[in-house]
Structure formats: structure tokens, C-alpha cells
Amino acid sequence: MAKPPYLHPGEQVVLYDGLCKLCNAWVVFLLRHGIPRSIRFAAVQSEQGKALLRFAGLPDDNIRTIVFIHGNDRWLRAQAIFRIMRFLPWPWRALSLFRFMPDVISNYCYDRIALNRYRLFGRYDTHYVIKSDYNGRFLDQ
């Protein structure tokens, strides 16, 4: 089995839309609430993000979802969010239990937000680079 590019053994990655203000705010939320250092981040618009999308068997253009890659496993949409939440401290970790909800229901809710995220929360003109004290957390920095 090949390992994901740009990651060291034991690391996972969250791929997010770097143009989406909601997606960027969610990444900042994860960082501020103590997501482990073994979880790294890359915008899908970055070269690293595109390479990881290809590794996961996904198209590297026009992707419209959150992707969580853990080893050779990958999760999309609502399942990605719920799987990531299990790495946060309590009480946020409790939200990871929603991963047992049927995908039809959880992805329906996810899709309603995702389809309207630019209209509701805004959009950056170019890939927004999160500037912070989180050195080494972003693959494209």
C-alpha cells in the first residue's frame, strides 16, 4: 500500500475549500480547539491538495467537499466531518457519534449547507492562506 504524499507516518490530512469562508472558519475552529498535531491541512486548490485528491481517487478539479484522509482510508462530506470531530476534546468529541447516522440523512444536511455556503458565508477571490501560530500544520505553507 502506498502512503499519502506529503504526509509522514501517522499523520492524517483534512482537505478543504480554500476559497470558502465557512471552510476556512471551520479549519480555524479545529486548530483553536486542540486538534492533534498529527492532523494536517491542505486547501484543495493547492498542489499538495490536488496530489492528495488524486491519491484518494478523487478528481483534482472542482471538488466541492471536505475530505479526510487517514492512511489509505478516506471520508467525504458529513462522514469526514464526524470522523475529524472524534479527535477534538470533549464536549466537541460527542458530535463524532453522528457518524452512525445513515449517510442519506447526514449527507442531505451537509449538501444543503455546501450548496449555499458561498451565498450564506461568502467566498474569497483566491485561495485564502490562514496566517497563524500553527507552524507546520498546513501542507501548502
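This note walks through a predicted model, point by point.

1. **Ground rules.** Residues are numbered from 1 along each chain as its sequence is written, and side-chain values use heavy atoms, with hydrogens and water left out. Because the model is predicted, local features need pLDDT of at least 70 and side-chain atom pairs count only at pLDDT 80 or more, while totals for chains, interfaces and linings use all residues.

2. **The sheet.** Four strands form an open sheet with mixed pairing, in the order β2-β1-β3-β4. Strands are DSSP runs (E, at least two residues), as are helices (H or I, at least four), and both are numbered from the N terminus. Two strands pair if DSSP finds at least two bridges between them. At the edges sit β2 (39-43) and β4 (73-76), each pairing on one side only. From one strand to the next, the twist averages 20°.

3. **Around β3.** Strands of a sheet pair through backbone hydrogen bonds, either parallel or antiparallel. β1 and β3 (residues 67-70) are antiparallel, with four bridges. Here leucine 15 stands opposite valine 67 of β3. β3 and β4 also run antiparallel, again joined by four bridges. In that pair, valine 67 faces leucine 76 of β4. β3 and β4 make a hairpin with two residues between them. Glycine 71, in the turn, has a positive phi of about 65°.

4. **Helices on the sheet.** α1 lies across β1 and β2 and runs at about 150° to β1. Angles go from 0 to 180 degrees between N-to-C directions, and axes are lines fitted to C-alpha atoms, for helices over the stretch in contact. α2 (residues 47-55) packs on the sheet too, touching β1, β2 and β3. The direction of α2 makes about 110° with that of β1.

5. **What does α2 bury?** The buried residues of α2 are Gln48, Gly49, Ala51, Leu52 and Leu53. Buried means under 20% relative accessible area, exposed means over 50%, and partly exposed lies in between (1.4 Å probe, protein chains only). Their cover includes β1, β2 and β3. After α2 comes glycine 57, with a positive phi near 80°.

6. **α1 against α4.** Two packed helices are described by the angle between their axes and the distance between the axes. For α1 (residues 21-32) and α4 (residues 103-121), the angle is about 95° and the axes are 8 Å apart. That makes α1 roughly perpendicular to α4 (65 to 115 degrees; under 35 is roughly parallel, over 145 roughly antiparallel, the rest oblique). Lys21, Leu22 and Cys23 of α1 meet Ile113, Arg117 and Phe121 of α4. Contact means heavy atoms within 4.5 Å.

7. **Is aspartate 17 buried or exposed?** Aspartate 17 sits in the loop between β1 (12-16) and α1. It counts as buried because its relative accessibility is 5%. Its side chain makes a polar contact of 2.8 Å with the side chain of arginine 117. Another, of 2.4 Å, links the side chains of aspartate 17 and tyrosine 118. A polar contact is a pair of N or O atoms within 3.5 Å; within protein, one must be able to donate a hydrogen and the other to accept it, and residues adjacent in sequence count only if both atoms are side-chain atoms.

8. **Aspartate 103.** This residue is found in α4. Aspartate 103 is partly exposed, because its relative accessible area is 40%. The side chains of aspartate 103 and glutamine 79 make a polar contact of 3.1 Å.
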